[in-house]
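Here is my note on the model, point by point. Please have the coordinates open while reading.

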Amino acid sequence: MPSASAARLSHVPPPPAPGECPVSGAYARLTEVFPRLSVSVGAPRDGDGWVTAAGLAAGGAELDAFLSWDDEQILRDYGERARPDVVASFGLHRYAWPVCLLFTIPWFLCRRVPRLPVDAVSYHRGLGRLTVRVAEFACLPGDPAAADARAVTVADEEALRGRVREAAAEHLGPVLDAFRPRMRRGSRALWGMATDELAEGIWRLGRLLGEEPRVTGELELLLPGTTPPYAGGAAFRALTGPAGESLRTRDRASCCLFYTLRPDDTCLTCPRTGDAVRVARMTTG
């Protein structure tokens, strides 16, 4: 009987043509099901609404300008100023959620994991666009792209999951360090937020792809709760709906602080949101 890895690899696209990004097909599929976000291959862009990941990680004027957008949006939408740490929390979430998909979508769809340090990514939040420069990617031995000069072949699925965690941590670590003084949170809280973004982005895309059961199973293996620097795990659990149906949820390891603006309107996976409220919200409207 073929292994699960071999079965999955039977659906991997053909090896990339010379000069073609090995994960571009996965990014194209991302945009098909989630048109609000697109990823293109190329050098990082700056100016005209673009921000570089390296600029954010530097923690200076580029980060100030990035967070001013959140400050103005909160005032416009909620009619009040948020605390600086709340503004920074919003800004980090709005950056980390799409950026985590740069790693998890190609891993989930084609078992390829790009290495994207901060000097390889830029983001235009207004347009929902990301650019990536992929100089290296990890894949499994049976992948046709393993012959690509940029490929690093790893032994098995667990090794590939390790590459997802490592690549995301390599990118997010410097960004978290830059946000930390503004957020007034310790390292564990920030890595809890990174864990949540890594889990919840691909979880949402899994639902859009019609593959929620597979994505939650994959996430339980990716984020078992014992993989530093990540704090917490995928931690999915089941609730029972009014008709006896099973409803999947999880408890975030971090808090986005939205409750400071609207105490009665918490996120669905916020630990402050009780199970009865979750069931009601998941089964009405």
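1. The lining of the largest pocket comprises 34 residues, and Arg36, His93, Arg94, Trp97 and Arg204 lie nearest the pocket's centre. A pocket here is an open set of points on a 1 Å grid over the protein atoms alone, with protein on both sides within 12 Å along at least five of seven lines; lining residues have an atom within 4 Å of a point. The space in this largest pocket is about 1100 Å³, a volume being the space filled by probe spheres set on the points, with grid points joined across faces, edges and corners.

2. This is a predicted model, in which local features need pLDDT of at least 70 and side-chain atom pairs count only at pLDDT 80 or more, while totals for chains, interfaces and linings use all residues. Residues are numbered from 1 along each chain as its sequence is written, and side-chain values use heavy atoms, with hydrogens and water left out.

3. Which elements supply at least two residues each to the lining of the largest pocket? They are helix H4 (61-78), helix H5 (84-110), H7, strand E9 (246-250) and helix H9 (275-283); helices (H or I, at least four residues) and strands (E, at least two) are DSSP runs numbered from the N terminus. H5 gives the most, six residues. By class the lining has 15 nonpolar, seven polar and twelve charged residues. Ala, Val, Leu, Ile, Met, Phe, Trp, Tyr, Cys and Pro count as nonpolar, Asp, Glu, Lys and Arg as charged, and the others, Gly among them, as polar.

4. The count of cavities of 30 Å³ or more is one, a cavity being a set of grid points where a 1.4 Å probe fits but cannot get out. The largest cavity holds about 30 Å³ of space. Its lining consists of Cys255, Cys256, Phe258, Tyr259, Thr266, Cys267 and Cys270, that is, six nonpolar residues, one polar and none charged.

5. Helices H6 (residues 157-183) and H7 (residues 187-208) pack at about 130°, with axes 10 Å apart. H6 is therefore oblique to H7. Axes are lines fitted to C-alpha atoms, for helices over the stretch in contact, and angles run from 0 to 180 degrees between N-to-C directions. Angles under 35 degrees count as roughly parallel, over 145 as roughly antiparallel, 65 to 115 as roughly perpendicular and the rest as oblique.

6. On the H6 side, Ala168, Ala169, Leu172, Gly173, Leu176, Arg180 and Met183 meet Ser187, Leu190, Trp191, Met193, Ala194 and Leu198 of H7 (contact means heavy atoms within 4.5 Å). Ten of these residues are nonpolar, two polar and one charged.

7. H5 and H6 have axes that come within 10 Å and cross at roughly 165°, which means that H5 is roughly antiparallel to H6. Their contact has 18 nonpolar, four polar and three charged residues.

8. Two backbone details deserve a look. Pro228 and Pro229 are joined by a cis peptide bond with omega about 5°; Pro229 lies in the loop between helix H8 (212-222) and strand E8 (236-240). Arg111, not a glycine, has a positive phi of about 55°, and Arg111 sits in the loop between H5 and strand E3 (112-114).
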